[in-house]
Amino acid sequence: MSTEQLSERVVQRVGPSGPIHERALVQGIEHQARLEQALARGETPDPQLLRDYRQLLFHDVIRERPVFSLAWPASWYVPGDADYRQYWFTPPPAANRYDYGWAHSQLYPTSTAQSGSPSTGHVYAYTALAPSDTHDSAFAGVGALFQPSATLSYADVSVDADVVAHSRIWTLLARPTHNLVTVHIRCTAYVCVWEIDPVTRAWELMRPYGSQTLVNRSDTGLSGTPIQTVNGHYSGNALSTRVQVQAGHSYAIGFQAQIDIDADVRDANNQPYQRGDGDDWKLWADMSCAVSQITIGTKVLIP
């Protein structure tokens with residue numbers, strides 16, 4: 001293909017295929033013609049025709065500039081003591097600060113090690129099993145109150161969080177066991193929505209929820225491994241969920257760190273193994289989390 005042919009071909013393909021026809025502009029020309037016809041006849045233009053023409057100009061032809069606001073984005077929720085200048089130009093209203101913090105462990109129900117702080121957004125969960133224990137779930141979290149205004153809508157909830165999970169499996173026992181020692185550790189970060197009962201204030205978990213598993217490890221027999229460290233950084237939709245919500249209902253939206261540990265260790269008599277002299281047993285995990293922001297977007301189904 002010659003250079004002339006190539007140039008001609010490029011010219012033919014580059015650029016729009018034709019003019020842009022604006023319906024509003026065509027209607028404006030029609031209105032102008034009717035106004036000029038009335039003036040040519042020496043008549044006063046019809047007031048309704050003038051109103052229609054003005055409406056056309058200011059709503060279809062002349063587009064208003066978008067409204068720019070420095071107000072805090074209504075979809076952002078941050079810790080109670082967070083410095084708003086790290087997020088936005090103006091401080092958030094109280095309703096956009098975290099309201100809730102919680103922590104619990106079945107084996108350590110009164111432990112002060114577990115914590116969920118709505119002030120700082122820091123979440124810490126920890127648990128450890130003895131050879132005689134079979135299971136524990138330790139969890140902690142933070143959240144905010146959300147009360148939708150639309151009759152029915154989807155709520156898209158996402159969390160910005162940094163998570164560090166540590167775990168240790170060290171099962172060196174001095175005495176014989178009836179079974180092969182089996183242990184399992186799982187550390188999971190969740191984003192959830194709970195509906196709050198208006199009378200009892202009890203929370204009911206809604207489904208689906210979002211999750212990211214940081215640790216999922218098992219071991220069998222007598223063994224020992226170093227402390228394992230796993231880091232997770234979640235932003236955007238990496239840790240998110242979508243649920244249906246209704247006006248007149250109250251919801252808690254938030255983050256939860258959860259540790260689940262299972263162990264099966266029985267002594268020679270097939271009874272739970274009691275720690276004794278010479279046993280070297282370390283089975284534990286923790287999760288340290290900084291939840292910097294919870295974001296909620298809504299898609300209205302019924303206004």
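This is a predicted model: local features need pLDDT of at least 70, side-chain atom pairs count only at pLDDT 80 or more; totals for chains, interfaces and linings use all residues.

Reader: How many bridges join strand S4 to S14?

Author: Strands are DSSP runs of E with at least two residues, numbered from the N terminus, and two strands pair if DSSP finds at least two bridges between them. S4 covers residues 122–128 and runs antiparallel to S14. Within this pairing, Tyr124 is partnered with Ser288 of S14. The number of bridges between S4 and S14 is 7.

Reader: Which residue of S14 is the bridge partner of Asp162?

Author: Strand S6 (residues 152–172) is antiparallel to S14, with 21 bridges joining them. The S14 partner of Asp162 is Ala290.

Reader: Which residue of S14 is the bridge partner of Trp76?

Author: S14 spans residues 280–302 and is joined to S1 by 2 bridges, again in an antiparallel arrangement. For Trp76, the partner in S14 is Thr295.

Reader: Which backbone oxygen lies 2.9 Å from a polar atom of the side chain of Arg97?

Author: Arg97 sits in the loop between S1 (76–77) and S2 (100–105). Arg97 is buried (under 20% relative accessible area, 1.4 Å probe, protein chains only), and its nearest side chain of opposite charge, Asp81, is 6.6 Å away. The backbone oxygen at 2.9 Å belongs to Ala82.

Notes: Residues are numbered from 1 along each chain as its sequence is written. Side-chain values use heavy atoms; hydrogens and water are left out. Helices (H or I, at least four residues) and strands (E, at least two) are DSSP runs, numbered from the N terminus. Buried means under 20% relative accessible area, exposed over 50%, partly exposed in between (1.4 Å probe, protein chains only). Lys and Arg count as positive and Asp and Glu as negative; His and the chain ends are not counted. A salt bridge is a side-chain nitrogen of Lys or Arg within 4 Å of a carboxyl oxygen of Asp or Glu. A polar contact is a pair of N or O atoms within 3.5 Å; within protein, one must be able to donate a hydrogen and the other to accept it, and residues adjacent in sequence count only if both atoms are side-chain atoms.
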